[in-house]
Amino acid sequence: MSNLTLSQFLQQEKGNLTPELAQVIDTIAATCKTIDQALQKGALAGILGSAGNENVQGETQKKLDVISNDYLIDALKVHPHVGGLASEELDDFTPAQENGEYLVLFDPLDGSSNIDINMCVGTIFSILPAKNAITQAQDFMQAGTQQVAAGYVLYGPSTMMALTVGNGVAFFTLDPVTQTFLLTTENVQVSADTQEFAINA
């Protein structure tokens, strides 16, 4: 039996999902493929090392922090259903489309201190409902229970996405040949007898 693609999964999923939200998630996934390709090139593209700046958290930015952030900003700020963006790499939010239904918050490349030693890194994202036709800073200050979708993409030995739209968690793996995220695990659960779990990203 063939694996569902991410787009096919979103077409049949319920929870908080709307066609507009599915389009936003598809755009995030497509952008993460671009980030993955940049990571695969590494030193060959001259994109390792520090960018010489600090982010809003006071952390030294890596070149790939900046590149990944730019990819996500450029893809999402023109999306018709995105009203605003908030990134760990920027002091202020980025306005997007007037009357956009969703706000997207993200860390474009979490664990970027691992890049230069070729360890796992990841993109983390959260999607909230927009509160106003024109996005304001306070619109991002919503409880976690208001999220309509959230997930992360882990760039490791294989590239995978964990995603929830309010109806359980699913894992997708990026097929490097077709460049398609394919469903590999549905209804992900933490084992009842698990005492410890961790992720290095």
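This is a predicted model: local features need pLDDT of at least 70, side-chain atom pairs count only at pLDDT 80 or more; totals for chains, interfaces and linings use all residues.
Me: In what order do the elements run from the N terminus on?
Reply: The order is α-α-β-β-α-β-β-β-β-β-β-β-β.

Me: And what share of the residues count as buried?
Reply: Of the 201 residues, 42% count as buried. The accessible surface is about 10600 Å², and carbon and sulfur atoms account for 50% of that area.

Me: Let us turn to the inside. Which residues have the most contacts inside the largest nonpolar core?
Reply: They are I25, L76, V104, I127, M161 and F172, in a core of 40 residues.

Me: Where does the largest share of this core come from?
Reply: Helix α2, residues 19-41, supplies that share with 10 residues.

Me: What does F172 touch, leaving aside residues up to four places away in sequence?
Reply: Its partners include L6 and F9, then T159, M160, M161 and L163, and also F181, L182, L183 and T184.

Me: A change of topic: what is the volume of the largest pocket?
Reply: The volume of the largest pocket is about 320 Å³.

Me: Which residues lie nearest its centre?
Reply: Those are L39, Q40, N118, M119 and Y155, among the 16 residues that line the largest pocket. The largest share of the lining, 3 residues, comes from α2.

Me: How is that lining made up by class?
Reply: The lining of the largest pocket has 9 nonpolar, 5 polar and 2 charged residues.

Definitions and conventions: Residues are numbered from 1 along each chain as its sequence is written. Side-chain values use heavy atoms; hydrogens and water are left out. A nonpolar core is a set of buried Ala, Val, Leu, Ile, Met, Phe, Trp, Tyr and Cys residues joined through side-chain atoms within 4.5 Å. Buried means under 20% relative accessible area, exposed over 50%, partly exposed in between (1.4 Å probe, protein chains only). Helices (H or I, at least four residues) and strands (E, at least two) are DSSP runs, numbered from the N terminus. Contact means heavy atoms within 4.5 Å. On a 1 Å grid over the protein atoms alone, a cavity is a set of points where a 1.4 Å probe fits but cannot get out, and a pocket is an open set with protein on both sides within 12 Å along at least five of seven lines; lining residues have an atom within 4 Å of a point. Grid points are joined across faces, edges and corners, and a volume is the space filled by probe spheres set on the points. Ala, Val, Leu, Ile, Met, Phe, Trp, Tyr, Cys and Pro count as nonpolar, Asp, Glu, Lys and Arg as charged, and the others, Gly among them, as polar. Accessible areas come from the Shrake-Rupley method with a 1.4 Å probe; for residues, only the protein chains shown count as cover.
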